[in-house]
Amino acid sequence: MREVFEAMEEWGLGEPKLFDNGTVFRVVLRRAAVTETLAKAEFAPTVKYGEEQLRAISVNAPSIVRSLESSGQLSVAEIARETGLSSAQVRYAMTALVRENVVHMIGRQGDRRTWYRLTD
């Protein structure tokens, strides 16, 4: 636990919230505390694909990759909001981007809590 608190402090994140009701112990790490600077540093993209290469994967891939480059890690709903695409268009493009190893899926397919980020 000490390492978690130290890492959170080192990265300038809010202190974890601890909840113990006698039966269950929970720790909540607030994602909202991540600053834009931290997100860009953590997920700094390495340019692997050009616009034409991304378009060959999916017509909407370039706008999705640009969105992930600027924001780091996003859900389908957040990508849709940032790009103006529908959720279905984002999911369709994400399938191809994950298959081509351009994007990494964090979570499970079909789960709203799933996040996407550019591969390292």
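**Salt bridges and a buried serine**

D111 counts as buried, since its relative accessibility is 19% and the limit for buried is under 20%. This comes from a predicted model. D111 forms a salt bridge with R108, and their closest N and O atoms are 3.8 Å apart. R108, by contrast, is exposed, with a relative accessible area of 59%.

R55 is partly exposed at 45% relative accessibility, and E51 is partly exposed with a relative accessible area of 40%. E51 also forms a salt bridge with R66, with closest N and O atoms 3.4 Å apart. Because E51 lies in helix α3 and R66 in helix α4, this pair ties together parts that are 15 residues apart in sequence. R66 is partly exposed, at 45% relative accessibility. The structure holds five salt bridges in total.

Helix α4 covers residues 61–71 and also contains S67. S67 is buried, with a relative accessible area of 5%. Its side chain makes a polar contact with the side chain of E82, at 2.6 Å. Leaving aside residues up to four places away in sequence, S67 touches L74, E82 and T83.

The chain as a whole has six helices and five strands, in the order α-β-β-α-α-α-β-α-α-β-β. Of its 120 residues, 29% are buried. The chain exposes about 8,400 Å², of which carbon and sulfur atoms supply 50%.

Conventions: Residues numbered from 1 in each chain as written. Predicted model: local features only at pLDDT ≥ 70, side-chain atom pairs only at ≥ 80, totals over all residues. Heavy atoms only, no water. Helix = DSSP H or I, 4+ residues; strand = E, 2+ residues; numbered from the N terminus. Buried < 20%, exposed > 50% of the residue type's maximum accessible area, 1.4 Å probe, protein only. Areas by Shrake-Rupley, 256 points an atom, 1.4 Å probe, with all protein chains shown as cover. Polar contact = N/O pair within 3.5 Å; in protein donor to acceptor, adjacent residues only side chain to side chain. Contact = heavy atoms within 4.5 Å. Salt bridge = Lys/Arg side-chain N within 4 Å of Asp/Glu carboxyl O.
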